[in-house]
Every structure is written in C-alpha cells, then in structure tokens.
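The exercises below concern a predicted model, and each task is followed by a solution that goes step by step. Please look at the sequence and the structure before reading the solutions.

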Amino acid sequence: MQDVPLRDKKVTIKLVKKRYSCGHCGKRAIPKKIKSISRYSRKTERFKMHLLKQTDSRDYSRVAKEHGLSYTSIQNSVHSKLDTLIEEAQLATLDEVEAISIDEFAIKKKHKYAVALTDPINGKLIDILSSRKKKDLIEYFNTWPEELREQQIKYFSMDMWSPYKAVAETVFPNAQIVVDKFHLVTAINNALDKLRIQEQDKQTAANRKKFYKSRLTLLMAGEDLDDDSHQRLIEIFKLSPALEKAWELKEEFRDLLQIPDIKESIEALNHWYEKVSQAKLNLFYKAKRTH
C-alpha cells in the first residue's frame with residue numbers, strides 16, 4: 001500500500017495478513033479489518049487525505065505526476081475521501097437535529113425536482129437529494145441511525161404533497177408532522193389570484209384596465225402597501241365586492257399565523273373557517289379544505 005511520502009521519498013507498506021482456516025470444515029476466516037486501509041485499496045487513508053490536501057491548490061494531473069499515479073487514481077482517491085468527510089460532517093450535524101424540513105425545487109423543465117433537507121431550528125442545510133420519490137426517500141432516511149429516526153427527530157415539516165406524509169410516517173414514526181405555513185399562505189394566494197381573474201373577466205373593457213397589474217398588489221402584505229397601492233385596491237373593490245371579501249380573508253389568515261398561543265390560534269382558525277363558509281367563495285372554500 002502506498003503511504004504518505006517521507007522527505008519527498010515514496011513510501012510503500014507491505015502488509016502481511018494472517019489468514020486462518022477451520023480445521024473442522026476447512027472454511028477460511030475473514031481477516032481482521034484494518035481501519036487505516038479501505039477494502040481492496042492500495043492506498044492508506046492518510047495518504048488519500050494527503051492527496052486531497054495536495055489538490056487543494058494544484059490540479060490533479062500535476063499531483064498524479066509527482067506521486068507516480070494516474071489522473072483517475074487521484075480523482076477516485078480524492079472523491080472517496082471527500083465522501084467520507086461529508087458523511088462524517090453530516091452525522092455530526094444530525095446529532096443536533098430535532099426537526100427535519102423537506103422542500104422541493106425544480107432543477108429541470110417538465111417537472112424534474114430535487115429535494116432540500118434542512119434543520120429549521122438551527123438553520124442548517126442537511127442534504128440535497130436528486131429524487132423526491134417516496135421509495136428513494138425512504139431508502140435514504142433508512143441509512144440514518146434508528147435511534148435518531150425514532151427518538152431524536154420530533155418534528156417533520158413538509159408541504160402538502162401526500163408522499164412526504166407517507167415517508168414521515170414510515171421513517172419518523174414518533175415525529176409530529178407539520179405543514180409549513182408558507183405552503184398554506186400559497187394556497188390562499190392562489191385562490192385569491194384565481195378569483196381576481198374571474199372577476200376581471202366579468203368587467204367591461206374600460207373597467208378591466210383598473211385591474212391592470214393588480215396581481216402583485218393583491219398578494220402583497222397589507223402592511224407593505226403604500227398610498228397608491230391602497231387607492232388601487234379601493235378602485236378594484238368598488239367593482240368587485242367578492243374580491244374585497246377574499247382579500248380581507250387572505251389578510252386575516254396571515255394574521256392568525258402569527259398568533260403564538262396554540263389555543264388562541266386554533267380559535268382564530270375556526271373563526272376564519274366560519275367566515276370562509278359565510279363568504280360563499282368556492283375557490284376559498286377549496287383552499288380551506290387543504291388546512
């Protein structure tokens with residue numbers, strides 16, 4: 001096995017492994033594993049670390065030439081060491097984790113998604129996964145220690161995609177499943193925007209101009225509106241009382257999400273449900289069912 005050079009001289013270790021066979025059945029015993037050398041490797045782990053440090057400031061070809069190795073050999077050694085270091089860092093991070101947040105993001109057109117795993121309490125990224133399929137996620141999480149999955153993780157934050165719920169119930173059986181409030185607000189905003197389109201289509205050509213560029217104004221937080229935006233909303237609400245009612249429901253929902261007391265927030269949510277039912281807005285009633 002090649003080891004770290006000594007005074008610029010190549011160092012090779014010749015290791016003789018003792019092998020034993022059973023005198024009764026003749027089967028050979030597995031030799032003792034040596035931590036400093038990976039299976040089938042011809043380089044010690046400290047030599048791989050040495051190569052990793054060497055490539056920090058120099059390209060692979062130069063390092064390969066200096067050590068009498070191929071470009072591919074350097075690449076494989078560095079990558080294997082990096083994978084180990086990343087895994088060790090991840091396990092160290094997981095020691096502090098009590099909550100998991102899972103969120104997807106598009107990496108290609110035609111609905112190709114990757115998944116980001118974060119620790120929402122400590123504000124740390126845990127991992128990026130290339131697949132959001134239920135089978136792949138369960139297989140990934142099952143590589144985590146059982147004690148961590150079944151005892152340490154107390155919360156699992158997700159959007160409203162049902163496979164995530166199935167994954168959480170399978171691999172984190174004792175964690176409380178929480179829907180990220182961002183996704184709830186998104187559902188309400190989508191309902192409001194669909195209603196805006198419906199109401200806009202009902203207007204005359206002249207009145208339709210008042211709805212021009214109103215989408216962002218309607219979705220903006222009430223406290224962030226300036227005087228011009230307020231005036232624009234007043235003009236729109238004169239033409240559509242239903243849209244005014246929907247906007248008020250949207251703002252009230254945002255407010256109730258800020259209530260810190262659980263009992264008080266549940267009461268506020270139930271009161272909001274009643275208002276949605278009384279408003280007779282079908283789009284908002286559909287959004288209500290997602291909560």
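**Exercise 1: the contact of H7 with H11**

In H7, the residues Leu184, Val185, Ile188, Asn189, Leu192, Leu195, Arg196 and Glu199 meet Ala242, Leu243, Ala246, Trp247, Lys250 and Phe253 of H11. Task: work out which classes the residues of the contact of H7 with H11 divide into, and how H7 runs relative to H11.

Solution. Sorting the residues of this contact by class gives ten nonpolar, one polar and three charged. The next step is the geometry, where the axes of H7 and H11 come within 10 Å and cross at roughly 170°. Angles over 145 degrees count as roughly antiparallel, and H7 is therefore roughly antiparallel to H11.

**Exercise 2: the contact of H10 with H11**

Task: determine how helix H10, residues 227-239, is oriented relative to H11, starting from the angle at which they pack.

Solution. The angle between H10 and H11 is about 125°, and their axes lie 5 Å apart. This angle makes H10 oblique to H11. On the side of H10 the contact is made by Leu233, Ile236, Phe237 and Leu239, while H11 brings Pro241, Leu243, Glu244 and Trp247. By class, these residues divide into seven nonpolar, no polar and one charged.

**Exercise 3: the contact of H4 with H6**

Task: describe how helix H4 (residues 134-141) packs with helix H6 (residues 162-171), giving the angle and the distance between their axes, and then the handedness of the crossing.

Solution. H4 and H6 pack at about 30°, with their axes 10 Å apart. Angles under 35 degrees count as roughly parallel, so H4 and H6 are roughly parallel to each other. The crossing of these two helices is right-handed. Lys134, Leu137, Ile138 and Phe141 of H4 make the contact with Pro163, Tyr164, Ala166, Val167, Thr170 and Val171 of H6. The contact of H4 with H6 has eight nonpolar residues, one polar and one charged.

**Exercise 4: the largest pocket**

Task: find which helix gives the most to the lining of the largest pocket, and which residues lie nearest its centre.

Solution. The largest pocket holds about 720 Å³ of space, and its lining consists of 21 residues. Strand S7 (176-179), helix H7 (181-202), helix H11 (241-256) and helix H12 (262-279) each supply at least two residues of this lining, and H12 gives the most, with five residues. Nearest the centre of the pocket lie Val178, Val179, Leu184, Leu257 and Ser265. By class, the lining divides into 13 nonpolar, five polar and three charged residues.

Conventions
Residues are numbered from 1 along each chain as its sequence is written. This is a predicted model: local features need pLDDT of at least 70, side-chain atom pairs count only at pLDDT 80 or more; totals for chains, interfaces and linings use all residues. Side-chain values use heavy atoms; hydrogens and water are left out. On a 1 Å grid over the protein atoms alone, a cavity is a set of points where a 1.4 Å probe fits but cannot get out, and a pocket is an open set with protein on both sides within 12 Å along at least five of seven lines; lining residues have an atom within 4 Å of a point. Grid points are joined across faces, edges and corners, and a volume is the space filled by probe spheres set on the points. Helices (H or I, at least four residues) and strands (E, at least two) are DSSP runs, numbered from the N terminus. Ala, Val, Leu, Ile, Met, Phe, Trp, Tyr, Cys and Pro count as nonpolar, Asp, Glu, Lys and Arg as charged, and the others, Gly among them, as polar. Axes are lines fitted to C-alpha atoms, for helices over the stretch in contact, and angles run from 0 to 180 degrees between N-to-C directions. Angles under 35 degrees count as roughly parallel, over 145 as roughly antiparallel, 65 to 115 as roughly perpendicular and the rest as oblique. A crossing is left-handed if the near helix is turned anticlockwise from the far one by less than a right angle, and right-handed if clockwise. Contact means heavy atoms within 4.5 Å.
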